[in-house]
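Please take a moment with the sequence and the model before reading on.

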Amino acid sequence: MGEGILELAQELAEVSRLVDDDDVATTLGRFVSRVVYTVPDCEEASITVLLRGEAEIVARYHKTADPLAEPVRATLAEQLVGPDGPLHDALSYGEPRRITDLAADQRWPEFDAAAINAGYRSCLFLPLPGVSDAPAAFSLFSPKPDAFDSTSYDLVLLFALHAGVAFDNVQLFNDSRSLIEQLRTALGTRTVIGQAQGVLMHRYGVTSSVAFDVLKRASQDNNVKLRQLSDELVTAQNQGRLSEALRKYGLQTG
């Protein structure tokens with residue numbers, strides 16, 4: 001057990017390390033995917049920040065990809081960032097919130113219903129320590145009641161400690177601009193990259209993950225930022241010159 005915790009701590013230290021041109025979404029995205037695969041029975045995890053009184057999800061990961069589940073997941077996301085739910089309490093007061101059984105909880109009925117419709121029975125909300133300019137928190141969901149016991153809680157706390165450090169490091173790393181501006185830019189970056197993935201998926205009939213890997217490789221091979229490459233491909237698609245843009249970056253086949 002001790003060796004396992006040490007190994008996890010070392011991995012988290014590496015996950016926390018900022019690399020050149022990392023944005024907030026990229027840095028924190030590494031945490032949410034690792035949480036899902038580390039914490040027992042965790043199906044979904046996200047990190048949300050409170051910006052000028054409004055909550056925004058900046059990193060989110062599901063263990064299973066199911067297009068049919070997207071509508072109910074979208075509804076849950078709307079309830080998650082709403083002003084009358086458990087996450088908003090965790091962000092506003094800096095205190096954890098845990099729902100052991102959504103079917104029995106009576107504190108947040110609209111949120112509970114949305115979570116149950118998405119297939120969940122328990123959830124945990126844990127603020128990231130050390131974050132002051134823009135309070136942030138982990139959200140974890142499980143299809144099992146009372147999934148996040150004391151052992152799981154300790155694991156999530158370890159992630160939260162490292163994520164809080166990474167969040168603060170982003171502030172130091174980018175002291176020439178405000179964190180809020182960077183967060184909003186990160187959300188825009190995620191959108192345009194997703195659109196570029198869709199272009200490649202439609203063009204070549206590949207999966208989302210394959211399309212993302214292709215974009216990353218083309219970005220590295222051409223020494224171009226991923227956002228710039230994605231923006232060029234989306235613009236080219238809209239202007240009817242996609243083949244030209246694909247040839248430019250070595251992505252044209254045939």
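What follows is a walk through the predicted model, from its charged pairs to its aromatic residues and cysteines.

Eight salt bridges are counted in the structure. In one of them the side chains of Lys-144 and Asp-41 meet, with an N to O distance of 3.2 Å. Because Lys-144 belongs to the loop between β5 and α6 (150-173), while Asp-41 belongs to the loop between α2 (24-38) and β1 (44-51), this pair ties together parts of the chain that are 103 residues apart in sequence. Lys-144 is partly exposed, its relative accessible area being 44%, and Asp-41 is likewise partly exposed, at 34%.

Leaving aside neighbours within four places in sequence, the contacts of Arg-73 are Glu-43, Arg-60, His-62, Thr-64, Ala-65 and Asp-66.

Turning to the aromatic residues, a search of the whole structure finds five aromatic pairs. One of these is formed by Phe-125 and Phe-141 in an edge-to-face arrangement, with 6.1 Å from centre to centre and 85° between the planes. The pair links distant parts of the chain, since Phe-125 is in strand β4 (residues 122-127) and Phe-141 is in strand β5, 16 residues apart. Both Phe-125 and Phe-141 are buried, and together with Phe-111 and Tyr-120 they form one aromatic cluster.

Strand β5 (residues 136-142) also holds Ser-139, which is buried at 0% relative accessibility. Not counting residues up to four places away in sequence, Ser-139 touches Glu-44, Ala-45, Ser-46, Leu-80, Leu-87, Leu-124 and Phe-125.

The last point concerns the cysteines. Cys-42 is buried, with a relative accessible area of 0%, and Cys-123 is also buried, at 0%. How many disulfides does the count give? The count comes to zero disulfides, the rule being that a pair of cysteine sulfur atoms must lie within 2.5 Å.

Notes:
Residues are numbered from 1 along each chain as its sequence is written. This is a predicted model: local features need pLDDT of at least 70, side-chain atom pairs count only at pLDDT 80 or more; totals for chains, interfaces and linings use all residues. Side-chain values use heavy atoms; hydrogens and water are left out. Buried means under 20% relative accessible area, exposed over 50%, partly exposed in between (1.4 Å probe, protein chains only). Contact means heavy atoms within 4.5 Å. Helices (H or I, at least four residues) and strands (E, at least two) are DSSP runs, numbered from the N terminus. Rings of Phe, Tyr and Trp (its six-membered ring) pair if their centres lie within 6.5 Å; planes under 30 degrees apart count as stacked, over 60 as edge-to-face and the rest as tilted. A salt bridge is a side-chain nitrogen of Lys or Arg within 4 Å of a carboxyl oxygen of Asp or Glu.
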